[in-house]
Amino acid sequence: QSDSAWHYIRERRLQRCQQALRDDAQTHRTVVEIAASWGFTDPCHFSKAYKARFGVAPGGDRRSDTRAAKLSS
C-alpha cells in the first residue's frame, strides 16, 4: 500500500514539473530549479524519471512547447 502511495506522489510531482516547464510565466526558472522545487534533488535522477514518464527529456519538452506556441502565434 505504501508503495502505491509513493508512486502516486511521484506521479503528481512529475506532473507538476511538466506543468511548470510548459508555463510561459516560468521560463526564467531553470529545469533544475523547477525539479528541486518539487523535491527532485538529483538532476540526473529527475531527468531519467521525467523521460521515462513523458517520453522526452525535461529540457526538450520545454523547448518543443515553446516552439509550438510561437508557431501558432
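At 0% relative accessibility, Tyr-50 counts as buried; the term buried stands for under 20% relative accessible area, exposed for over 50%, and partly exposed for values in between (1.4 Å probe, protein chains only). The model is predicted, so that local features need pLDDT of at least 70 and side-chain atom pairs count only at pLDDT 80 or more, whereas totals for chains, interfaces and linings use all residues. Residues are numbered from 1 along each chain as its sequence is written, and side-chain values use heavy atoms, with hydrogens and water left out.

View A. Helices (H or I, at least four residues) and strands (E, at least two) are DSSP runs numbered from the N terminus. In that order, the elements run α-α-α-α. The chain has 73 residues, of which 23% count as buried. Contacts, defined by heavy atoms within 4.5 Å, are also described by sequence separation. Among those with a separation of 6 or more, 59% join residues 24 or more positions apart.

**View B. Phe-40, Phe-46, Tyr-50 and Phe-54 are linked into a cluster by ring pairs****.** A pair of aromatic rings is described by the distance of the centres and the angle of the planes. Rings of Phe, Tyr and Trp (its six-membered ring) pair if their centres lie within 6.5 Å, and the pair is stacked with planes under 30 degrees apart, edge-to-face over 60, and tilted otherwise. The whole structure holds three aromatic pairs. One of them joins Phe-46 and Tyr-50, whose ring centres are 5.6 Å apart with planes at 55 degrees, so this pair is tilted. Phe-46 and Tyr-50 are four residues apart in helix 3 and are therefore separated by about one helical turn. Phe-46 is buried, its relative accessible area being 2%. Tyr-50 also pairs with Phe-54: the centres of these rings are 4.7 Å apart and the planes stand at 55 degrees, so this pair is tilted. Tyr-50 and Phe-54 are likewise four residues apart in helix 3, about one helical turn.

**View C. The charged end of Arg-13 sits over the ring of Phe-40****.** The charged end is 4.1 Å from the ring centre; the criterion is NZ of Lys or CZ of Arg within 6 Å of the ring centre and within 35 degrees of the ring normal. Phe-40 belongs to the loop between helix 2 and helix 3, and with a relative accessible area of 4% this residue is buried. Apart from neighbours within four places in sequence, the contacts of Phe-40 are Arg-13, Leu-14, Cys-17, Ala-35, His-45 and Phe-46. Leu-14 lies 26 residues from Phe-40 along the chain, and their C-alpha atoms are separated by 9.2 Å.

**View D. The largest nonpolar core comprises ten residues****.** In soluble globular proteins, nonpolar side chains tend to be buried together. Such a core is a set of buried Ala, Val, Leu, Ile, Met, Phe, Trp, Tyr and Cys residues joined through side-chain atoms within 4.5 Å. Its members are Leu-14, Cys-17, Ala-20, Leu-21, Ile-34, Ala-35, Phe-40, Phe-46, Ala-49 and Tyr-50. At least two core residues come from each of helix 1, helix 2 (31–37) and helix 3, and helix 1 supplies the largest share, four residues. Ile-34 touches Cys-17, Ala-20, Leu-21, Gln-26, Arg-29 and Arg-62, when residues up to four places away in sequence are not counted.

**View E. Arg-53 and Glu-11 form a salt bridge****.** Side chains of opposite charge can pair when their charged atoms come close. A salt bridge requires a side-chain nitrogen of Lys or Arg within 4 Å of a carboxyl oxygen of Asp or Glu. Here the closest N and O atoms are 2.8 Å apart. The pair links distant parts of the chain, with Arg-53 in helix 3 (residues 43–54) and Glu-11 in helix 1 (residues 2–22), 42 residues apart. Arg-53 is partly exposed at 37% relative accessibility, and Glu-11 is partly exposed at 22%.

**View F. Arg-22 and Asp-61 meet through their side chains in a salt bridge****.** The N-to-O distance is 2.9 Å. Arg-22 lies in helix 1 and Asp-61 in helix 4, so the pair ties together parts that are 39 residues apart in sequence. Helix 4 spans residues 58–72. Arg-22 is partly exposed at 37% relative accessibility, whereas Asp-61 is buried at 3%. Beyond its neighbours within four places in sequence, Asp-61 is in contact with Gln-18, Arg-22, Tyr-50 and Val-56. By the salt-bridge rule, the count comes to two.
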